[in-house]
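Me: I would like a close look at one part of this model. Please take it residue by residue and keep it plain.

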Amino acid sequence: CEPDGVEEQRLKKLLDDERELAQSLDKIKSADAYTADGERIAVLVNIGKPSDLKNTDGVKFDGGGLFRSEFLYQSSDKKPTEAEQIAAYKEVIEKVYPNPVTVRTLDVGGDKELKYLGMKKEENPFLGNRGIRLCLANPDIFSEQIRSLLIAGEGKSLKIMLPMVTSVSEIDKTRTVIDGVKKSLDESGTAYCTDIRLGIMIETPAAVMISDKLAEEVEFFSIGTNDLTQYTLAIDRQNSKLDRFYNPHHEAVLRMIQRTIDGAHKHGRWVGICGELGADTALTERFVQMGIDELSVAPSMVLPVRSKICEME
Ligand code: PEP
Ligand code: MG
């Protein structure tokens, strides 16, 4: 049926508003994210696999804030070869260059199983052998990933990020692995990346509570709010029956984030958010007020998040 005059006006206004929004987003497509008082907040992208970078649609971003390396390990029944790993890391590093890419080391366990690792069935896999624990328990796989990363980053810079950290000793052990890999590359005369920064994900209440200590050991933090919410609220993030309790806006989660930022800044460390909450524009202003340095979000959310930052006082 034909719209009447009032309906016609309403539709026209909707169209005008949408056009105006598209134009204002277009203007900031290639701008940096500054708040009105001149504070620069980095907006980066989360990458699940190299082809995700096709979805950035000409929108400028400040690097890869979280490259989840699991896709390489989960896409086949066999462990990826060193050559396959080097090719995948190189592809992303080169696409994002000169901006940096933060590669998260293998984060399986929990709900992600790798048959070829012979992982044992666990009663509580999310509280079990996952993330950095599992990597340190499988030194061959871990060293091979570090080696591939170092070779792939040759001549460029590289940020390596460890998942599910709960203690300083996990960082110390990882540094020992990295040093061992460097030594063997030196001995074989293989060129590798010399500009490496080591960071960790803050995803557990333990890491939050000792964030000031952890900040002395690494160069950056990125807050994984998906896991941090599940561990703080004791709610399985996969259990849809508990969705009404899974509340990342819970004051306890927000205080965890604030404490992490304070712990990082106490030692002059950079801190970002790479969990889903980083893209929640209802909280962007609050994160900036808390002192966040970086938000890493899905490619489709870069523009809305940057727009929110630019609107802020
Ligand atoms: C997180 O836990 O917030 C996170 C980014 O890691 P993942 O979702 O891959 O567990
Ligand atoms: Mg996580």
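Is Ala234 buried or exposed, and what is the relative accessible area of Ala234? Please go on from there to helix 9 and the ligand site.

Reply: The model is predicted, and what follows should be read as such. Ala234 is exposed, with a relative accessible area of 70%. This residue sits in the loop that joins helix 9 to helix 10 (251-266). Its backbone is worth a look: Ala234 has a positive phi of about 55°, although it is not a glycine.

Met164 also has a positive phi, about 60°, and is not a glycine either. Met164 belongs to the loop between strand 4 (157-162) and helix 6. With a relative accessibility of 2%, Met164 counts as buried, since the limit for that class is under 20%.

Now to helix 9 itself, which spans residues 225-233. With three residues, helix 9 gives the most to the shell around ligand 1. Strand 2 (64-68) is another element that supplies at least two residues of this shell. The surrounding residues include Leu66, Arg68, Arg104, Met201, Cys274 and Gly275. By type, the shell around ligand 1 divides into five charged, four polar and three nonpolar residues.

Several polar distances can be given for ligand 1. An N or O atom in the side chain of Arg68 is 2.8 Å from one of the ligand's oxygen atoms. For Arg237, a polar side-chain atom lies 2.9 Å from an oxygen atom of ligand 1. Gly224 takes part through its backbone, where an N or O atom is 3.4 Å from a ligand oxygen. Taken alone, ligand 1 exposes 290 Å², and the protein buries 98% of that.

The magnesium ion (ligand 2) is coordinated by Glu203 through OE and by Asp227 through OD, at 2.0 Å. Glu203 comes from the loop between strand 5 (195-202) and helix 7 (205-209), whereas Asp227 is in helix 9, so the pair ties together parts that are 24 residues apart in sequence. Glu203 is buried, at a relative accessible area of 2%. Asp227 is buried as well, with a value of 2%.

Key. Residues numbered from 1 in each chain as written. Chains lettered and ligands numbered in written order. Predicted model: local features only at pLDDT ≥ 70, side-chain atom pairs only at ≥ 80, totals over all residues. Heavy atoms only, no water. Near = heavy atom within 4 Å. Polar contact = N/O pair within 3.5 Å; in protein donor to acceptor, adjacent residues only side chain to side chain. Areas by Shrake-Rupley, 256 points an atom, 1.4 Å probe, with all protein chains shown as cover. Helix = DSSP H or I, 4+ residues; strand = E, 2+ residues; numbered from the N terminus. Nonpolar A, V, L, I, M, F, W, Y, C, P; charged D, E, K, R; others polar. Donors = N, O, S within 2.8 Å, 3.2 Å for Na, K, Ca; no water. Buried < 20%, exposed > 50% of the residue type's maximum accessible area, 1.4 Å probe, protein only.
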